[in-house]
Amino acid sequence: MSPITLILIAIGLGLAGWLAGRAKAWSFQKADPAVRPVARPIYHAWYVAVWVLLPLLAFVALWSFIAPQLVTQSVLASPGAANLPTFGFEREAWLAEARAVANGNAPGVFNEGAEALVEPFRQAISHYSLIGFALTVLIGFGGGAFAFLRVRPDFRARTRVERTVMIVLLLASLVAILTTFGIVASLVFETIRFFGMVSPADFLFGTFWGPDPMSNPDNPDGSRFGAIPLFWGTLFIGAIIAMIVAIPLGLMSAIYLTQYADPKLRQWVKPALEILAGIPTVVYGYFAALTIAPAVRDLAVSVGITSASSESALAAGVVMGVMIIPFVSSMADDSMAAVPSAMRDGSLAMGATQSETIKRVLFPAALPGIVAGIMLAVSRAIGETMIVVMAAGASSNLTANPLDTMTTVTYQIVAMLTGEGSFDHPATLSAFALGFVLFLVTLVLNIIALRVVKRFREAYE
């Protein structure tokens, strides 16, 4: 029985508990109108429903993990598994094919040896589905009966329900924090392993990047793990070229839409501008590779630069800048629109022109939101991969020439983690070190942005 079916059963039992708890709470007043329960019937209903749903959802989550393991162990103990390969990919393929056929997801098996496992899988799946159904019903009725028996006129159901909701909200808020800690912990652990094989100095200050996944992992060549070209490529494409395109265009569009544009025109232009944020990055990548990169190369050749490549940092940076314009313009637009109109009207009343009011009043007052939008755009550009893959190339060049091919940290992370490389090899572990350094860079940028925002927010609030 699938987890979705068990969840639906849990919801049905929870609804039944809700109705039963509400009916019992109403019966108190019907039996004796003078009785005034300390909680409304709706809270008694939710109290019973919570005691049905929460244990059931926890059980379904646990059962969805345990049941497949139990089914597999049951099949392995059956006579049909006598000819199953002992280890390796073939063994897993046989089991996967037989399970797919037993679940009805495949018409037949590809390996003849897996045919003998289909019927044991069907029997095991049916057996443990019945067990899962029985446990679901038993846990649901047990939790519902426990809560239902506690429903009395003097029972403070509202306090219990609100406390439960508060705990659920707290756990939901902790998910993001725990996820962040988990990501950081995994990066730190693997980075420490990498630095145990390669010197941090070679990695952080080396100028040549060329890991060899086929080299001896016990004696790696640290000089091949110099990440300076990757860091420079990431900053050059995402934080320099892209920002040169995105910041002026984003700010000017925001100023026009908030201060000069007709309201009817703004209703059309602003959503059209924000559509840029919803275009898939692979579309931007194709546009950069098929349109912008050849145009940049042809333009360079027309002015006498014969060394221009069809893959360049300039093409990737320009398209990336266009992609992140909505991040800058939307935040700047909202920030300037939120500035009190009294500040703008006071400036105009003192004789300042509209341009002077924008430059000396609105822009400084909206600076915290503008900085937040720019930092969001920088983070988005630094983490972009697809445009770099399709337009900038894969060569790790340490150069300031925007017409040369260049690569970034994110592209190399993908390159190192895809394929069949061993996670004990320094070439694969270098991806975690690159991710950790990129995380630190992004963290520093966010800290700087928060300090800027705090300083100017204190001045204008």
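Is Glu384 buried or exposed? I looked it up, bearing in mind that this is a predicted model. Glu384 has a relative accessible area of 4%, and the cut-off for buried is under 20%, so I wrote Glu384 down as buried.

**Entry 1: the partner of Glu384.** I next searched for a charged partner. Glu384 forms a salt bridge with Arg380, and their closest N and O atoms are 2.9 Å apart. Arg380 has a relative accessible area of 29%, so I noted this residue as partly exposed.

**Entry 2: how many pairs?** My tally is nine salt bridges. A reminder to myself: side chains of opposite charge can pair when their charged atoms come close.

Entry 3: I then turned to Glu190, which forms a salt bridge with Arg193. Here the closest N and O atoms are 3.0 Å apart. Glu190 is buried, at 14% relative accessible area, while Arg193 is partly exposed, at 26%.

**Entry 4: a pair in α8.** Which residue pairs with Lys270? I found Glu274, with the closest N and O atoms 2.6 Å apart. Helix α8 (residues 263-274) holds both Lys270 and Glu274; they are four residues apart, about one turn of the helix. In this pair Lys270 is buried, with a relative accessible area of 16%, and Glu274 is partly exposed, at 33%.

**Entry 5: α2 against α3.** I left the charged pairs and moved to helix packing. Two packed helices are described by the angle between their axes and the distance between the axes. Helix α2 (residues 41-76) packs with helix α3 (residues 89-102) at an angle of about 105°, and their axes are 12 Å apart. Angles of 65 to 115 degrees count as roughly perpendicular, so α2 is roughly perpendicular to α3.

Which residues make the contact? From α2 I listed Pro68, Val71, Thr72 and Leu76. From α3 I listed Arg91, Leu95 and Arg99. Sorted by class, the contact of α2 with α3 has four nonpolar residues, one polar residue and two charged residues.

Technical notes: Residues are numbered from 1 along each chain as its sequence is written. This is a predicted model: local features need pLDDT of at least 70, side-chain atom pairs count only at pLDDT 80 or more; totals for chains, interfaces and linings use all residues. Side-chain values use heavy atoms; hydrogens and water are left out. A salt bridge is a side-chain nitrogen of Lys or Arg within 4 Å of a carboxyl oxygen of Asp or Glu. Buried means under 20% relative accessible area, exposed over 50%, partly exposed in between (1.4 Å probe, protein chains only). Helices (H or I, at least four residues) and strands (E, at least two) are DSSP runs, numbered from the N terminus. Axes are lines fitted to C-alpha atoms, for helices over the stretch in contact, and angles run from 0 to 180 degrees between N-to-C directions. Angles under 35 degrees count as roughly parallel, over 145 as roughly antiparallel, 65 to 115 as roughly perpendicular and the rest as oblique. Contact means heavy atoms within 4.5 Å. Ala, Val, Leu, Ile, Met, Phe, Trp, Tyr, Cys and Pro count as nonpolar, Asp, Glu, Lys and Arg as charged, and the others, Gly among them, as polar.
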